Amino acid sequence: QVELVESGGGLVQTGSSLTLSCVDSGRTYSNFAMAWFRQSPGKERESVATINYNGLSATYADSVRGRFTIARDNAKGTMYLHMSDLKPEDTAMYYCAVKRHSLYYDIWGQGTQVTVSS
């Protein structure tokens, strides 16, 4: 049973924008913090942005702050990552995740690939 489904990735040029979506089809996780992570080959998975349950609080990695915006619409069961001024170093598989546990994210999507060409 697939619980989180990401979409919106693609191949874009440097400086472009993309918006990723993460759909919680069952609207199961509206009471939990969520996040976007990314991982590129040979690198550790890193947290890109986090958002609290009601969308009023967010955090960003230094590498994306000012370029990426995380948002959620609990009525639609969807979380977003608006990405602008994309750089080749943003190339990675992007995953959304839910933090039901106080210490870690325990529900993950299958990922969507973002590739930024120079």
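Okay, ground rules. Residues are numbered from 1 along each chain as its sequence is written, and side-chain values use heavy atoms, with hydrogens and water left out. As the model is a predicted one, local features need pLDDT of at least 70 and side-chain atom pairs count only at pLDDT 80 or more, while totals for chains, interfaces and linings use all residues.

Let's start with the whole chain. How many helices and strands are there in the protein chain? Zero helices and eleven strands; these are DSSP runs numbered from the N terminus, with helices being H or I of at least four residues and strands E of at least two. The radius of gyration is 13 Å, close to the 13 Å that the globule rule gives for 118 residues, so the chain is as compact as a globular protein of that length. That radius is taken over C-alpha atoms, and the rule is 2.2 Å times the number of residues to the power 0.38. Along the principal axes, the C-alpha trace spans about 40 × 30 × 25 Å.

On to surface and burial. The chain exposes about 6300 Å², with carbon and sulfur atoms supplying 49% of it; accessible areas come from Shrake-Rupley with a 1.4 Å probe, and for residues only the protein chains shown count as cover. Of the 118 residues, 38% are buried, where buried means under 20% relative accessible area, exposed over 50%, and partly exposed in between (1.4 Å probe, protein chains only). If you take contacts (heavy atoms within 4.5 Å) between residues at least 6 apart in sequence, 53% of them join residues at least 24 apart.

First spot: Asp90. Have a look at the loop between β8 (78-83) and β9 (92-99), where Asp90 sits. Its relative accessible area is 0%, so Asp90 counts as buried. Which side chains make polar contacts with the side chain of Asp90? Arg38, at 2.9 Å, and Arg67, at 2.8 Å. By polar contact I mean a pair of N or O atoms within 3.5 Å; within protein, one must be able to donate a hydrogen and the other to accept it, and residues adjacent in sequence count only if both atoms are side-chain atoms. Leaving aside neighbours within four places in sequence, Asp90 is also in contact with residues including Val64, Phe68 and Val114.

Phe37 is buried at 10% relative accessibility, and Tyr105 is buried at 17%. Together with Trp108 they form one aromatic cluster. Then there's Arg45, which lies over the face of Phe37 at 5.7 Å from the ring centre, and over the face of Trp108 at 4.1 Å. The cut-off there is CZ of Arg or NZ of Lys within 6 Å of the ring centre and within 35 degrees of the ring normal.

Thr112 is buried at 10%, and a polar atom of its side chain lies 3.1 Å from the backbone nitrogen of Gly9.

Definitions and conventions
Rings of Phe, Tyr and Trp (its six-membered ring) pair if their centres lie within 6.5 Å; planes under 30 degrees apart count as stacked, over 60 as edge-to-face and the rest as tilted.
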